[in-house]
Amino acid sequence: MGGEPPASELLAARRRKLQELRAGGIEPFPHQFAGVEPIAGVRAAHEALAPGEESVSEHRVAGRLVARREQGRMAFLDLADRTGRIQLQARVNELGDEGLALLLGLDLGDLIGIDGTTFRSRRGELTLRIGQFALLAKSLRPPPEKRHGLQDVETRFRHREDDLVANEQVRELFLGRARVISSVRRFLDSEGFVEVETPVLQSIYGGAAARPFTTHYNALDRTFYLRIATELYLKRLIVGGLERVYELGKDFRNEGIDKVHNPEFTMLEAYQAYADYLDMAALCEHSVAFAASESGYAGSIDLSPPWRRETLRDAIHARTGVDILRFRDRASLAEEMRAHEVPAPEGDTWPQLVDQLLSKYVEPQLVKPTFLLDYPVEMSPFAKQHRVQPGLAERFEAFIGGVEIANAFTELNDPDEQRRRFEEQRALAGLGDVEAQPFDEAFLQALELGMPPTGGIGVGIDRLVMVLTGMRSIREVILFPAMRD
């Protein structure tokens, strides 16, 4: 019978090799291997090397053994690190019979370090001729079979390390994510913003409409919540005179999981004194365009400013026939929705019905970068009333590829009006809205000290990475997404 040995036999074989190495005086897990160069750097240094030409330059690289091709008293191997791959040539001339046998006795997946010189093969492949090598970590499990690893979504998400080993594209995706985040930071830093940190555990959660995760703070013997947003703390810093602040970190919302929602997610929030929501729109489109340029974005959607602008009222009316501002109570809006054959769930409040119209009938159609402007006050408890349109707030949401990526306000800085909005949210909570904003007296006292006119924005980093990498699911761009047992 052919085929691969059972997994138990493969594991046992690797354990035996581990014992043999130790018996032979070889430490399979040494402490360090200093002076390693990235493989991409070695490649870049020898781009001009012609086929058949050798270099006298010596290099030290390290990585995972991913392929091997034996040719008698010589062999070619492939070594991979996070920057790429390089071909290795092993010859008995340099390593001797014992050294070559030891090298070829290693398993795919073992981590090794190499010292050698470069040449370009006659076929044009840059190759590092091994002068000496060292085992850096013995792999006691076989590396994942690539085709299976790419197909098995459960394995990919539960064991991201296997996915990263098996799939170079996945490694590049998460390196790209890191570039997006660092470019956003660079952009904001260049605009005079200061990065700050605010509490993750909060006694009163706030700043968004969401259900929180609840925990117990033993030292204080109090119920605390994982933050759903950083907004209220950051605006207290604006009150304190920091004027331009941002935080880039984790938020937590105890909600469902789908292609664009994960309960633990990465959020950027930025606040700028003496600005409004239109200033935040400019900040948004320019920062996204900068991140796209810096991260190597190659998608088909043009992200360059200026982006499309449309009011929320017009966007919903054009796609459903429902004019939300003509029907400002729940009963009349529900009746109008049913008249246009749009479902109106019985348990939904007026703001929830409007949000359903937006999320189901408008959002999926907003492929080109678009700002939807001017939301009803009922949906925007922290946004300042519109300076011209009664009943509206100066708020926008930004959409790309049918996905919301950002939410921004001209921030409400009237403490009495904010108190009234909190009372309205408290009433909605009494009607069963589990995502209504809780009352925050400490934030109101901060506003009473005086907050300047301020623009604020929140950008979903995971969703932005989805847009810039072409991924269709948020779980693809989170290294370790939450999974069922």
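1. Arg129 is buried, at 11% relative accessibility (buried is under 20% relative accessible area, exposed over 50%, partly exposed in between, with a 1.4 Å probe and protein chains only). Its salt-bridge partner is Glu54, with an N to O distance of 3.1 Å between the side chains; a salt bridge here is a side-chain nitrogen of Lys or Arg within 4 Å of a carboxyl oxygen of Asp or Glu. Arg129 sits in strand β5 (residues 126-137) and Glu54 in strand β1 (residues 54-71), so the pair, 75 residues apart, links distant parts of the chain. Glu54 is partly exposed, at 49%.

2. On the basis of the values: this is a predicted model, in which local features need pLDDT of at least 70 and side-chain atom pairs count only at pLDDT 80 or more, while totals for chains, interfaces and linings use all residues. Residues are numbered from 1 along each chain as its sequence is written, and side-chain values use heavy atoms, with hydrogens and water left out.

3. The structure holds 40 salt bridges. In one of them, Glu172 meets Arg179 at 2.4 Å, N to O. Both ends are partly exposed: Glu172 at 40% relative accessibility and Arg179 at 31%. Another joins Glu264 and Lys250 at 4.0 Å, N to O. That pair links distant parts of the chain, with Glu264 in strand β11 (residues 264-273) and Lys250 in strand β10 (residues 244-252), 14 residues apart. Glu264 is partly exposed at 36%, and Lys250 is partly exposed at 32%. Lys17, Asp107, Asp110 and Lys138 are linked in a network of salt bridges.

4. Helices (H or I, at least four residues) and strands (E, at least two) are DSSP runs numbered from the N terminus. Eight strands form an open sheet with mixed pairing, in the order β6-β10-β11-β16-β15-β14-β13-β12; two strands count as paired if DSSP finds at least two bridges between them. Because β6 (194-195) and β12 (308-311) each have a single partner strand, they stand at the edges, and one side of each is left without a neighbour in the sheet. Strands β15 (residues 403-410) and β16 (residues 454-460) are antiparallel and share five bridges. Ala406 has Val459 in β16 as its bridge partner.

5. Two helices are to be noted against this sheet. Helix α7 (residues 168-190) lies across β6, β10 and β11 and runs at about 155° to β10. Helix α8 (residues 231-239) packs on the sheet, touching β10, β11, β15 and β16, and its direction makes about 25° with that of β11. Axes are lines fitted to C-alpha atoms, for helices over the stretch in contact, and angles run from 0 to 180 degrees between N-to-C directions.

6. Gln272 is found in strand β11 and is buried, at 12% relative accessibility. Leaving aside residues up to four places away in sequence, Gln272 touches Phe193, Ile238, Glu243, Arg244, Met280, Pro453, Thr454 and Gly455, contact being heavy atoms within 4.5 Å.

7. The largest nonpolar core has 46 residues, and those with the most contacts inside it are Phe396, Ile457 and Leu468. Such a core is a set of buried Ala, Val, Leu, Ile, Met, Phe, Trp, Tyr and Cys residues joined through side-chain atoms within 4.5 Å. Beyond four places in sequence, the residues that Phe396 touches include Tyr277, Met280, Phe371, Ala406 and Ile457. A second, separate core has 25 residues, among them Leu49, Ala75, Leu79 and Phe133.
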